[in-house]
Amino acid sequence: MKKIFTLFVAAVAAVTMSAKTAESGSCGANLTWNFDSGTLTISGTGPMTNYSTDNLAPWFDLSDNISVLHINPGLTTIGDYAFYGLTKVANDVHIPAGVTYIGKYAFDVCVSIPSVFIPVVDSIGAYAFGLCAALNSVFIPYGVNRVGESAFAFCTGLKEVALSSTTGIGQYAFRSCTALERVADYSLYPQSNNGNIFEDVNVGQCELFVPVDEYAQTWYNKGIWDGFRQRILSSTEDMGNGFYHFYDFEEGSMRVAGEGMLPDNVYESMLHPSVTDPRFQVVSLSLPEGLTGIGKYYFGNYWYLDSLTIPEGVSVLKTSAFQNCYSLRTVTIPSSTVLIEDYVFADCYSLKTVYNYAVTPQRINGSVFAEVDQSRCTLYVPKGSVPAYRAADVWKDFVIEEMPAQEGVETPSGSPSRGEKVLRDGMLLIERNGKTYNAQGAEVR
């Protein structure tokens with residue numbers, strides 16, 4: 001009897017071990033997957049294995065139990081059929097910057113995903129997001145070269161689509177997206193593809209937003225756009241307080257003009273950008289030399305911004321100024337910056353390099369870089385400042401190195417045109433062009 005019991009225990013242990021093994025494994029040469037409490041997590045580096053209907057992903061048998069999908073930064077491709085048929089996944093899915101290809105059928109029949117962040121990939125495979133019925137809006141950024149056949153077919157909840165200098169859209173790409181209301185295309189010239197891209201879509205109910213000026217006329221009655229109700233996207237935006245945004249739709253860039261403190265932005269607009277908001281297609285950003293500070297949420301949700309140089313003279317970065325800049329890899333902070341408020345770079349998942357020209361580290365709390373893997377991010381600091389940064393809260397969690405003379409940008413010497421830092425009655429002030437500003441960017445008289 002004891003022997004039978006021992007064999008039974010051994011069998012149970014074997015089954016348990018087998019079940020645990022089936023909940024994790026490899027999905028690429030340097031990629032792993034893990035299932036735990038309803039969450040499927042992909043981790044590691046490099047390309048993912050391509051799967052097929054005859055060889056589905058190893059987690060497919062767990063599909064009825066997977067409600068959350070989390071993809072860590074590091075992988076470079078999403079394999080064919082990778083997440084095919086994960087019908088219970090209902091979280092917002094974030095595909096990390098650095099992914100170059102989204103495989104065919106990769107998210108096909110993921111009917112409950114409400115939104116997906118698509119980075120600047122080279123191409124999106126055929127049927128990649130087919131039958132993703134819960135998707136409400138899709139942003140295809142500047143730099144994507146190919147959207148595959150039926151890539152978003154039968155996304156019956158899809159209301160908004162934004163395209164940006166996309167060179168090729170496969171046939172039936174948005175077939176039967178019957179709820180479609182608004183399409184914005186930031187390309188300077190109309191897509192010349194066949195008219196079946198919007199098969200079974202009532203384009204008469206859809207507004208088409210296209211670039212302003214001489215380019216707009218080329219869209220009328222052109223190929224796939226025939227029948228849309230046309231509207232104009234402006235390349236100039238008045239932000240108030242003397243600031244203007246100028247967009248170059250062909251280059252995916254934005255230039256800011258103005259002096260002083262950029263005002264606080266509207267929090268709700270940061271959370272829910274429209275496809276007609278040009279910020280979504282901004283890859284590069286130019287800030288003016290006369291800038292003294294950046295307001296709350298001002299550049300929040302500039303999803304595709306790749307690098308950022310804050311000009312000398314900026315003294316304050318207010319709450320969430322660059323939060324949710326998912327693709328941001330490199331940041332340069334000038335020596336003039338003395339105040340960095342909460343969540344300024346929160347959720348900038350792709351951040352790999354920070355140049356901070358302040359000799360004395362700014363006092364910040366952990367929320368500034370929330371969700372940034374600081375252990376994999378290099379912080380370059382001025383010569384002689386390494387010990388101070390290694391002793392400073394939050395900064396000490398970076399990989400800290402002394403700033404090589406040949407890297408980054410030279411710290412500008414103090415000059416009236418750029419602004420000189422002065423102390424007056426114990427208060428740090430910036431003097432520029434005959435005017436004086438405090439650390440919050442307000443003019444002091």
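In which strand is Glu207 found? In this predicted model, Glu207 belongs to strand S15, which covers residues 207-211.

View 1. Beyond the neighbours within four places in sequence, Glu207 is in contact with Glu181, Arg182, Val183, Arg229 and Arg231.

**View 2. An open sheet of four strands.** The strands follow the order S1-S2-S3-S4, and their pairing is mixed. Strand S1 (24-28) and strand S4 (68-71) each have a single partner strand and stand at the edges, so one side of each lacks a neighbour in the sheet. From one strand to the next, the twist averages 20°.

**View 3. Pairing of strands S1 and S2.** S1 pairs with strand S2 (residues 31-36) in the antiparallel sense, over four bridges. Ser24 has Asn34 of S2 as its bridge partner.

**View 4. The largest pocket.** This pocket has a volume of about 1100 Å³. It is lined by 42 residues, of which Val93, His94, Phe117, Tyr326 and Tyr349 are the closest to its centre. Elements that give two or more residues to the lining are strand S3 (39-44), S4, strand S6 (93-94), strand S8 (116-117) and strand S10 (137-139). S4 gives the most, with three residues.

Key:
Residues are numbered from 1 along each chain as its sequence is written. This is a predicted model: local features need pLDDT of at least 70, side-chain atom pairs count only at pLDDT 80 or more; totals for chains, interfaces and linings use all residues. Side-chain values use heavy atoms; hydrogens and water are left out. Two strands pair if DSSP finds at least two bridges between them. Axes are lines fitted to C-alpha atoms, for helices over the stretch in contact, and angles run from 0 to 180 degrees between N-to-C directions. Contact means heavy atoms within 4.5 Å. On a 1 Å grid over the protein atoms alone, a cavity is a set of points where a 1.4 Å probe fits but cannot get out, and a pocket is an open set with protein on both sides within 12 Å along at least five of seven lines; lining residues have an atom within 4 Å of a point. Grid points are joined across faces, edges and corners, and a volume is the space filled by probe spheres set on the points.
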